[in-house]
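Here is a short briefing on one protein structure. Please keep the sequence and the model open while you read.

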Amino acid sequence: MLLGVSLLVLCGYAAFASGAISTSAGARLQVAIMFVAALAAAAWLWTGQLRMSADRSARIAVGLLTAFAAWSALTILWSATPDRTWLEFNRVGTYVLVVLLAIAFGASSRKAIAFAARGMLILVGVVIAYALGQKALPGLNIGGLIDLNQTARYARLQQPLGYWNALALLLALAAPPAIALAARQQAGRHARTAALVLLQLLVVTIGFTESRGGIVALIVAVGVGVWLSGRALRHLAWAAVGITAAVPPLVVALSSHALTTDGVALGTREHAGLLLLAALAASATVLVLAAAQLFELEPTIILSRERQRRLWRLIAGVIVAVVVLAVLREIYTQGGVGAALSHLKQKFASPQQVSVSNPNRLFSTDSADRLGWWRQALGAFWQRPFGGWGAGSFPVINLLFRHDQLTAADAHSVPLQWLAETGLVGFALAIGAWLLFLKTTLAAVRRQSAEHHWAAAALMAAVIAYSLHCFYDWDWDIPGVTLPILVALGVLIGASAAPPGQAFRPHAILTPTRKLAGLTAIVAGLCVLATSAVLPSIAASKASEALLAASYGTRASVTQAAQDAQAAARIDPLSDGGLTASASIAEQLDQLQIARGDLLEALHREPDDISAWTSLLGLDSVFRDWVPAVNAAQRLLELDPEMSGTQRANVLNAARAATLAEAPPEDSATAQP
């Protein structure tokens, strides 16, 4: 169980480190995973406490995911952003390790599946406490360690993951385990009641994120969980109980101006938070009392197959009626079927029309600008279909292919981003791995005994909901939501593979010398990966600290900062961050030739860096080196054809001045005497 607890802690860290998206948080997470992997390898080789077992499809899937990591690394050779490609390789390589660790946990413990399901509930319970606390008790601040005043700027909940859609998705993934536990008669009443209350709070919190994608993921997770449960009506009934209990506090919350409007004063939010807290307490109390009564009635409710079929027909009829009425209303409002379809298409393609923090956005059908990003990804793919633009290169793709002023670091669709960044090869490897994982885990759910089926079906539902959500968001790049899913996949694979007696057990067949050699090789490989993870973080931190020191220090400290920036450039040979920092500091020291040299070296590393080209244009103008200045201006316009009016005017003015200086009108052959 120690490995299971370690995986749970890692998932918790990823969630509370703003999703572990940043370079520094990602590096810390990756090093921690390497450390756990080293300990697990020692246990596997020497003690036999851990076993590694997976069927053929799962082994192929792991191999394909490993090949995708290797291909991501290979794209550094032609990447538009080699430093980001390095980070992507580190992330995918770490994902492979997490899957392997989870497989070992699943193959080594008979309770692994139930532990994973309950662990997801514990993780989400802690996340909900922190997230809802930002609405109910926004003034709570415990020594700087816990600060719940996180909704001053944006009313939508996004912390601790730092992104509202990621928070909503993580919560939606826990809905199937909560429903399955609440519906499990063999579980204790306290556990079932706690699962119901968690489901209620989960729905309320998703409402506060105002995430349409999160609501879709919740619906899919609940639907798939009910379908896979084997006792669909029972699970659906308990799901309805928990979700219905969330309606009163949701109505109170979403109708409150103080809780749904950006920039509201803390005192006003504190007062509204107390009202929300009272509504939550009252509804939870009613839910607990109602659950106690339902537990008493549950054994007496026995439905024949005929009555179950009638109920399903009734439920299907209600769903169809609601959909038909919604469609008819839209057709009537727009004045015909064609007009309704045209209106929906136009709204989906139009820019975001509702404020970011406005509950009305839940009823909007615009794509939140995703359609433009998807078109950019496809356009980039058609230009470089085989190898793509390099893993992690979408920021450059966005500037090259956009037709508006919006910038984005991700395509907001994982498959399309794979296509654009890694080409057909990377896409085939990644999609092939994921489809095989789904095939293997679905088969694993069917093979589970009744004792573990509830947890296996719930985990599978979470995996499917995550997979769907990836089509319209960038979840793969957010370890805070991806790690729990990889753990679920690995546990299901390991638990359903060969029986313990048939698993490969090196401690029983290898000599101590070979065990030591194997462990040494594994640890050495993990050390290489850990070094690969920390170097970009150290370099970025050193460059940032150098710029900060140079901004207010003495000349001696500025000189030291310049040396630190150069050190950062040496630590990360793929990034131009250290060189651009060095150039900025050199300008501060009036060492303009050194600054220009640093910028040229930076552009040699990253030829598509807009900020470096902008700085170079300025220096070339200072040096009155007009030909390079014109080239820099042209390159800027090529890299960002849709740059803002002010930026475009500045670049064009600089280019015009450089052109005139190079060939003044009075020197023209056609100039009048």
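His412 is buried, because its relative accessible area is 11%, under the 20% cut-off. This is a predicted model.

**Backbone geometry**

- Most residues other than glycine have a negative phi, and most peptide bonds are trans.
- His412 has a positive phi of about 60 degrees, although it is not a glycine.
- His412 sits in the loop between α17 (394–401) and α18.
- Ala20 also has a positive phi, near 55 degrees.
- The loop between α1 (2–16) and α2 (23–47) holds Ala20.
- Ala20 is buried, with a relative accessible area of 2%.
- The peptide bond from Gln159 to Pro160 is cis, and its omega is near 15 degrees.
- Pro160 belongs to the loop between β2 (146–147) and α6 (164–173).

**Helix α22**

- Helix α22 covers residues 512–552, which makes 41 residues.
- At 1.5 Å a residue, α22 should span 60 Å. Its end C-alpha atoms are 58 Å apart, so the two values agree.
- Buried residues of α22 include Lys515, Leu519, Leu526 and Ala530.
- Further along, Pro536, Ser537, Ala543 and Ala550 are also among the buried residues of α22.

**Helix α20**

- Helix α20 (residues 479–496) has 18 residues.
- From first C-alpha to last, α20 reaches 25 Å, close to the 26 Å expected at 1.5 Å a residue.
- α20 is mostly covered, with 17 of its 18 residues buried.

**How α11 and α13 pack**

- The axes of helix α11 (residues 247–254) and helix α13 (residues 266–297) come within 8 Å.
- The two axes cross at roughly 170 degrees. That angle is over 145 degrees, so α11 and α13 are roughly antiparallel to each other.
- On the α11 side, the contact uses Pro249, Val252 and Ala253. On the α13 side, it uses Leu276, Ala279, Leu280 and Ser283.
- By class, this contact of α11 with α13 has six nonpolar residues, one polar residue and no charged residues.

- Thr422 lies in helix α18 (residues 414–447).
- Is Thr422 buried or exposed? Thr422 is buried, because its relative accessible area of 1% is under 20%.

**Cysteines**

- A disulfide is a covalent bond between the sulfur atoms of two cysteines.
- How many disulfides are there, counting pairs of cysteine sulfur atoms within 2.5 Å? The count comes to zero.
- Cys11 is in no disulfide, and the nearest cysteine sulfur, that of Cys470, is 15 Å away.
- Cys11 is buried, with a relative accessible area of 6%.
- Cys527 is found in helix α22.
- Cys527 is partly exposed, because its relative accessible area of 43% falls between 20% and 50%.
- Cys527 and Leu294 are 233 residues apart in sequence. In space they are 55 Å apart, C-alpha to C-alpha.

Key
Residues numbered from 1 in each chain as written. Predicted model: local features only at pLDDT ≥ 70, side-chain atom pairs only at ≥ 80, totals over all residues. Heavy atoms only, no water. Helix = DSSP H or I, 4+ residues; strand = E, 2+ residues; numbered from the N terminus. Expected span 1.5 Å × (residues − 1). Buried < 20%, exposed > 50% of the residue type's maximum accessible area, 1.4 Å probe, protein only. Disulfide = S-S within 2.5 Å. Axes fitted to C-alpha atoms, helices over the stretch in contact; angles between N-to-C directions. Parallel < 35°, antiparallel > 145°, perpendicular 65-115°, else oblique. Contact = heavy atoms within 4.5 Å. Nonpolar A, V, L, I, M, F, W, Y, C, P; charged D, E, K, R; others polar.
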